[in-house]
Amino acid sequence: MKIAQDAVVSFKYTLRVKGEVFDEGNLSYLHGHGHIVPGLEEALLGSEAGKSHQVSVPPEKGYGENDARAVQTVPRTAFPPDAPLAMNAQLYAEDPEGNPMRMTVIGMTPEVVTLDFNHPLAGSTLDFDVAITEVRAATATELEHGHIHGEGDDHDHGHDDDHNH
(Lines give C-alpha, C1' and ligand atoms only; values in the text may rest on other atoms or scores of the structure.)
Protein backbone atom coordinates (compact mmCIF):
# COMPACT_ATOMS: atom_id res chain seq x y z
CA MET A 1 0.00 0.00 0.00
CA LYS A 2 1.30 3.45 -0.90
CA ILE A 3 1.17 6.41 1.47
CA ALA A 4 -1.93 8.49 0.71
CA GLN A 5 -4.57 10.54 2.52
CA ASP A 6 -5.87 8.69 5.62
CA ALA A 7 -3.18 5.97 5.55
CA VAL A 8 -1.60 5.02 8.87
CA VAL A 9 2.16 5.30 8.43
CA SER A 10 4.83 3.95 10.79
CA PHE A 11 8.49 4.84 10.43
CA LYS A 12 11.86 4.99 12.17
CA TYR A 13 13.60 8.33 12.01
CA THR A 14 16.65 10.33 12.93
CA LEU A 15 16.29 14.11 12.98
CA ARG A 16 19.41 16.23 12.61
CA VAL A 17 19.59 20.00 13.02
CA LYS A 18 22.83 21.67 11.86
CA GLY A 19 24.41 18.21 11.58
CA GLU A 20 23.71 17.25 15.20
CA VAL A 21 21.23 14.51 16.14
CA PHE A 22 18.27 16.27 17.75
CA ASP A 23 15.85 13.35 18.05
CA GLU A 24 15.36 9.78 16.91
CA GLY A 25 12.80 7.07 17.39
CA ASN A 26 9.70 5.44 15.95
CA LEU A 27 6.54 7.29 14.99
CA SER A 28 3.12 6.39 13.62
CA TYR A 29 0.67 8.96 12.29
CA LEU A 30 -2.48 9.41 10.22
CA HIS A 31 -1.37 10.84 6.86
CA GLY A 32 -2.95 14.08 5.73
CA HIS A 33 -4.08 15.24 9.18
CA GLY A 34 -1.21 17.56 10.08
CA HIS A 35 0.38 15.30 12.70
CA ILE A 36 3.91 15.71 11.34
CA VAL A 37 5.60 18.75 9.79
CA PRO A 38 4.20 19.52 6.32
CA GLY A 39 7.52 19.15 4.48
CA LEU A 40 8.06 15.60 5.75
CA GLU A 41 4.46 14.61 5.11
CA GLU A 42 4.71 15.90 1.51
CA ALA A 43 7.98 13.99 0.95
CA LEU A 44 6.49 10.69 2.14
CA LEU A 45 3.36 10.88 -0.03
CA GLY A 46 3.32 7.95 -2.47
CA SER A 47 6.08 6.00 -0.72
CA GLU A 48 5.61 2.57 0.85
CA ALA A 49 6.85 0.20 3.56
CA GLY A 50 10.48 -0.80 3.13
CA LYS A 51 11.52 2.51 1.53
CA SER A 52 14.06 4.89 3.09
CA HIS A 53 14.26 8.62 2.53
CA GLN A 54 16.55 11.50 3.35
CA VAL A 55 14.40 14.62 3.59
CA SER A 56 15.56 18.17 4.21
CA VAL A 57 12.67 20.33 5.44
CA PRO A 58 13.11 24.11 5.29
CA PRO A 59 11.70 26.20 8.16
CA GLU A 60 8.64 27.31 6.19
CA LYS A 61 7.58 23.64 5.81
CA GLY A 62 8.75 22.69 9.31
CA TYR A 63 8.19 24.73 12.45
CA GLY A 64 8.20 28.11 10.71
CA GLU A 65 10.55 31.03 11.02
CA ASN A 66 11.32 32.67 14.34
CA ASP A 67 8.74 35.36 14.98
CA ALA A 68 9.97 38.26 17.13
CA ARG A 69 6.34 38.93 18.14
CA ALA A 70 6.34 35.55 19.91
CA VAL A 71 8.80 36.84 22.54
CA GLN A 72 7.07 38.41 25.53
CA THR A 73 8.12 39.77 28.88
CA VAL A 74 5.74 39.12 31.77
CA PRO A 75 5.82 39.99 35.47
CA ARG A 76 7.32 37.28 37.64
CA THR A 77 4.17 37.51 39.77
CA ALA A 78 2.24 35.97 36.84
CA PHE A 79 3.82 32.61 37.75
CA PRO A 80 2.97 30.38 40.70
CA PRO A 81 5.64 30.52 43.44
CA ASP A 82 6.66 26.91 42.67
CA ALA A 83 7.02 27.43 38.89
CA PRO A 84 10.31 25.89 37.64
CA LEU A 85 11.77 29.16 36.34
CA ALA A 86 15.29 28.80 34.98
CA MET A 87 17.05 29.86 31.80
CA ASN A 88 16.07 27.65 28.83
CA ALA A 89 13.35 25.91 30.89
CA GLN A 90 10.44 24.62 28.80
CA LEU A 91 7.12 25.64 30.35
CA TYR A 92 3.61 24.72 29.29
CA ALA A 93 0.34 26.60 29.67
CA GLU A 94 -3.03 26.82 27.92
CA ASP A 95 -4.20 29.55 25.59
CA PRO A 96 -7.67 31.09 26.10
CA GLU A 97 -9.22 28.28 23.99
CA GLY A 98 -7.58 25.58 26.13
CA ASN A 99 -4.92 24.60 23.57
CA PRO A 100 -1.48 23.71 24.96
CA MET A 101 1.27 26.29 24.51
CA ARG A 102 4.97 25.66 24.92
CA MET A 103 7.28 28.46 25.93
CA THR A 104 10.99 28.74 26.68
CA VAL A 105 12.45 31.00 29.36
CA ILE A 106 15.05 33.16 27.59
CA GLY A 107 15.58 35.87 30.21
CA MET A 108 14.92 36.51 33.89
CA THR A 109 15.26 39.30 36.41
CA PRO A 110 13.79 39.41 39.92
CA GLU A 111 10.84 41.37 38.46
CA VAL A 112 10.17 39.89 34.98
CA VAL A 113 10.52 36.73 32.90
CA THR A 114 11.10 36.83 29.14
CA LEU A 115 9.40 33.99 27.29
CA ASP A 116 9.82 32.75 23.72
CA PHE A 117 6.62 31.15 22.38
CA ASN A 118 8.33 30.06 19.12
CA HIS A 119 8.79 26.31 18.73
CA PRO A 120 12.38 25.42 19.77
CA LEU A 121 13.06 24.35 16.16
CA ALA A 122 11.54 27.47 14.54
CA GLY A 123 13.96 28.87 11.96
CA SER A 124 15.78 25.53 11.62
CA THR A 125 16.18 23.28 8.60
CA LEU A 126 15.19 19.75 9.64
CA ASP A 127 17.20 16.90 8.14
CA PHE A 128 15.37 13.58 8.47
CA ASP A 129 16.54 10.04 7.77
CA VAL A 130 13.33 8.00 7.54
CA ALA A 131 12.75 4.26 7.10
CA ILE A 132 9.09 3.42 6.51
CA THR A 133 8.15 0.25 8.39
CA GLU A 134 4.39 -0.04 7.78
CA VAL A 135 1.59 1.52 5.76
CA ARG A 136 -2.00 0.45 6.38
CA ALA A 137 -5.52 1.71 5.96
CA ALA A 138 -6.93 3.59 8.94
CA THR A 139 -9.86 2.09 10.81
CA ALA A 140 -13.24 3.85 10.80
CA THR A 141 -12.68 4.85 14.44
CA GLU A 142 -9.26 6.32 13.66
CA LEU A 143 -10.74 8.35 10.83
CA GLU A 144 -13.61 9.52 13.03
CA HIS A 145 -11.21 10.62 15.78
CA GLY A 146 -8.62 12.03 13.38
CA HIS A 147 -5.68 10.14 14.90
CA ILE A 148 -4.41 6.59 15.19
CA HIS A 149 -5.11 4.19 18.01
CA GLY A 150 -2.49 1.75 19.28
CA GLU A 151 -2.85 -1.76 20.61
CA GLY A 152 -4.68 -1.77 23.92
CA ASP A 153 -5.96 1.75 23.29
CA ASP A 154 -8.96 2.37 25.51
CA HIS A 155 -10.17 5.15 23.18
CA ASP A 156 -10.29 7.64 26.06
CA HIS A 157 -8.88 10.69 24.32
CA GLY A 158 -11.28 13.27 25.67
CA HIS A 159 -13.75 12.28 22.96
CA ASP A 160 -17.38 11.67 23.66
CA ASP A 161 -17.69 8.39 21.75
CA ASP A 162 -21.48 8.78 21.58
CA HIS A 163 -21.09 12.20 19.98
CA ASN A 164 -20.65 12.69 16.26
CA HIS A 165 -17.41 14.52 15.51
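**Exercise 1. Find the side chain with which Thr 114 makes a polar contact, and describe the surroundings of Thr 114.**

Step 1. The side chains of Thr 114 and Thr 73 are joined by a polar contact of 3.2 Å, a term that stands for a pair of N or O atoms within 3.5 Å, where within protein one must be able to donate a hydrogen and the other to accept it, and where residues adjacent in sequence count only if both atoms are side-chain atoms. The model is a predicted one, in which local features need pLDDT of at least 70 and side-chain atom pairs count only at pLDDT 80 or more, while totals for chains, interfaces and linings use all residues. Residues are numbered from 1 along each chain as its sequence is written, and side-chain values use heavy atoms, with hydrogens and water left out.

Step 2. Thr 114 belongs to strand 7, residues 112-116; strands (E, at least two residues) and helices (H or I, at least four) are DSSP runs numbered from the N terminus.

Step 3. If neighbours within four places in sequence are set aside, Thr 114 is in contact (heavy atoms within 4.5 Å) with Val 71, Gln 72, Thr 73, Thr 104, Val 105, Ile 106 and Gly 107. The C-alpha atoms of Thr 114 and Arg 76, which are 38 residues apart along the chain, are separated by 9.3 Å.

**Exercise 2. Work out how strand 1 and strand 2 are arranged.**

Step 1. The two strands run antiparallel and are joined by ten bridges, strand 2 covering residues 20-30; for strands to pair, DSSP must find at least two bridges between them.

Step 2. Strand 1 and strand 2 form a hairpin with two residues between them, and Lys 18 in the turn has a positive phi of about 55 degrees. Val 17 stands opposite Glu 20 in strand 2.

**Exercise 3. Identify which residues of the largest nonpolar core touch the most other members, and which elements supply this core.**

Step 1. A nonpolar core is a set of buried Ala, Val, Leu, Ile, Met, Phe, Trp, Tyr and Cys residues joined through side-chain atoms within 4.5 Å, and buried means under 20% relative accessible area, exposed over 50% and partly exposed in between, with a 1.4 Å probe and protein chains only.

Step 2. The largest core has 20 residues, of which Phe 11, Leu 40, Leu 44, Leu 126, Phe 128, Val 130 and Ile 132 touch the most other members. At least two residues of this core come from each of strand 1 (7-17), helix 1 (38-44), strand 3 (52-57) and strand 8 (126-137), and the largest share, six residues, is that of strand 1.

Step 3. Apart from this core lies another, of ten residues, including Ala 83, Leu 91, Met 103 and Val 105.

**Exercise 4. Locate the salt bridges of Lys 2 and Lys 61, and classify the exposure of Lys 2 and Glu 42.**

Step 1. The count of salt bridges is five, each being a side-chain nitrogen of Lys or Arg within 4 Å of a carboxyl oxygen of Asp or Glu.

Step 2. Lys 2 meets Glu 48 at 3.6 Å, N to O; Lys 2 lies in the segment before strand 1 and Glu 48 in the loop between helix 1 and strand 3, 46 residues apart. Lys 2 is partly exposed at 48% relative accessible area.

Step 3. Lys 61 pairs with Glu 42, the closest N and O atoms being 2.7 Å apart, and this pair links the loop between strand 3 and strand 4 (71-75) with helix 1. Glu 42, at 46% relative accessibility, is partly exposed.
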